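Hi,

Here is the structure I promised to send over. Have a look at it first, and my notes follow below.

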Amino acid sequence: MASKSRSSESLFLRYLVLSAWAVFCLAPILWFLSIGLRPRTEIIAAEPIYWPTFSLDAWNMIWTDWPMGNYLRNSLVAVVGSVIIDLLLAIPAAYSLARYTYRFREDIGFYILSTRMMAPAIVAIPIFFLFRNMGLLDTVWALMLVYAAINLSLVTWIIRSYMLDIPHEIEDAARTDGASDLRILVSIIVPMCLPGIITAAVIAVIFAVNEFLFTLLIASTKNAYTLSVALANFTGGSDGIIYNAIALVAFLAFVPIMFLVVLIQKHLSRGLTMGAVKG
Amino acid sequence: MQDSMVHNSSGWAASAARPGIRPRPRSRLRRKAFPYLLVAPAMIFLLGITLYPGVYAMYQSFFFVRFNDWSFAGLGNYTKLLSDNEFWQALWNTFVMGAIALSLECVIAITIAAFAYRDPWVRSWRIMFLMPMLFMPSAVAFIWKLAFNDGRIVSDLLMRLGLIDGNLDFLGSIWLARLTLIVADVWQWTPFLFIIFVAALQGQDAEMEEAARLDGAKWRQIFWNISLPLMMPIVAVALILRGIDIITMFASVFIITGGTPGGATETISYFIYRIGFKTFNFGYASAISVVMLAITVTVAQLFVKRFFRSGRE
């Protein structure tokens, strides 16, 4: 009897806590969605409006008042390009760190990892001058390189962690059959750690889409504005900040990312800890 | 995690012992160079994009820079830094807001993870709770700017609950402005810790818990005495990663407060940005960068090494 009442009590507490957090998590999202779907006059009113009239004003506005096509294309090119660069560099590097023993391996691993610890603001000024001297300011190429650099440590370490899980016997067998090391990497290791590679790519995409500081410094026109920085410029002069347009753009970026994350759900925790936790 | 440690050590040992059995022996030099060649492109890229800026910033920090006009300053920028109240204030703000946000996030994430991981609906909770993390931080900053300040939603809700009498000027007072940034950070990034903690708890041996339960332990005792101590290494890793990101807080400061009131919410990242790109005092901004770089490298070295050891080997 006693134990039964205690467990139902703890069950009550459990759902109380979890639903309280769910409300705090989701209410701002729903409310922000309602901002995106209401007319401008109802965003900032004398009395906050919780049940607005439905309106697609913002949707029409983002496509007519701003070069949304450019912003989308810039985000897509810079982000996808950076992830491709990351994978091309990280897969061999991860294989080297996971499978070979050699001098300086630990130091190289540390160094790659420690680039993750660097605050963007600290290198922002020299990077700005670097790209200015290369004539790459306000181009998606500069963004691509920066995003690739930001994510390379993470991508390398995630893939390395998945490579460590592959049993050695498989490679040994292939090696006995005369396959070269490079061949083994391409046709055995890469397919086998595909979940890890996809996880790393998805997490790199999230961080690249979110990037703000470097993009703010590098991009100055629609040539290079990405969604993340473009929405910070959604102001109509004397009208102030155009919140409903910002909200819609935020959801425009959120939907595909949510889709990607659901795809790698099981691997998310492992990816976020750079391989330290196996989810 | 136990698993990975075993794999790890045996893996390295095995690959070291194997080369002898290769049927097609290659030249020794090529075989020795191969792992370096694999890692070289990544290294060169990272060195290019971190070492060059490091050296450049160090060089520039010895000059007073006004657009293209550089004049040698010696240690001028550094001595200025030591006596610059704005610098110390920014350092303090970063620390205070970071420490409060990180503690809140950690406590909340552990609590909801402890409740969620044994729930039959844990997958739904996870999907629901991770959503805030997937919005662009710049957009999130606008959500909270509107809620706290421009749209007065938070004030309105608090008034409806009878907690306050009039509108609160959230961006007008030091602690309310800081609170705004902290709430924005907690809302967006508690999910990061939650996802990791839930996975850690789910990965734990259920039998040990079951045995303790059969011995009459309450779930609260089990959590505090068994589950939590077991996941401490993972908590450490997660807090380090989150801590690093929190001290680089920029987008929300840029969008919500701009460092106001009176510099009370200016973080180091925003301070460097302001000195460099608003007052165009690049030499001075570089000096701050160099000092921060030195601090980061030292701290990272300590943390990374520990993280690397405890987490992987």
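Strands (E, at least two residues) and helices (H or I, at least four) are DSSP runs, numbered from the N terminus. This is a predicted model, where local features need pLDDT of at least 70, side-chain atom pairs count only at pLDDT 80 or more, and totals for chains, interfaces and linings use all residues. Residues are numbered from 1 along each chain as its sequence is written, chains are lettered from A and ligands numbered from 1 in the order in which they are written, and side-chain values use heavy atoms, leaving out hydrogens and water.

Now the findings. Strand 1 of chain B runs antiparallel to strand 2 of chain B (residues 69-72), joined by four bridges; strands pair if DSSP finds at least two bridges between them. Arg66(B) has Asp69(B) as its bridge partner. Two residues lie between the strands of this hairpin, and Phe67(B) takes a positive phi near 50°.

There are also charges over rings (NZ of Lys or CZ of Arg within 6 Å of the ring centre and within 35 degrees of the ring normal). The charged end of Arg116(A) sits over the ring of Phe207(A), 5.6 Å from its centre. Lys80(B) lies over the face of Tyr284(B), 4.1 Å from the ring centre.

Best wishes
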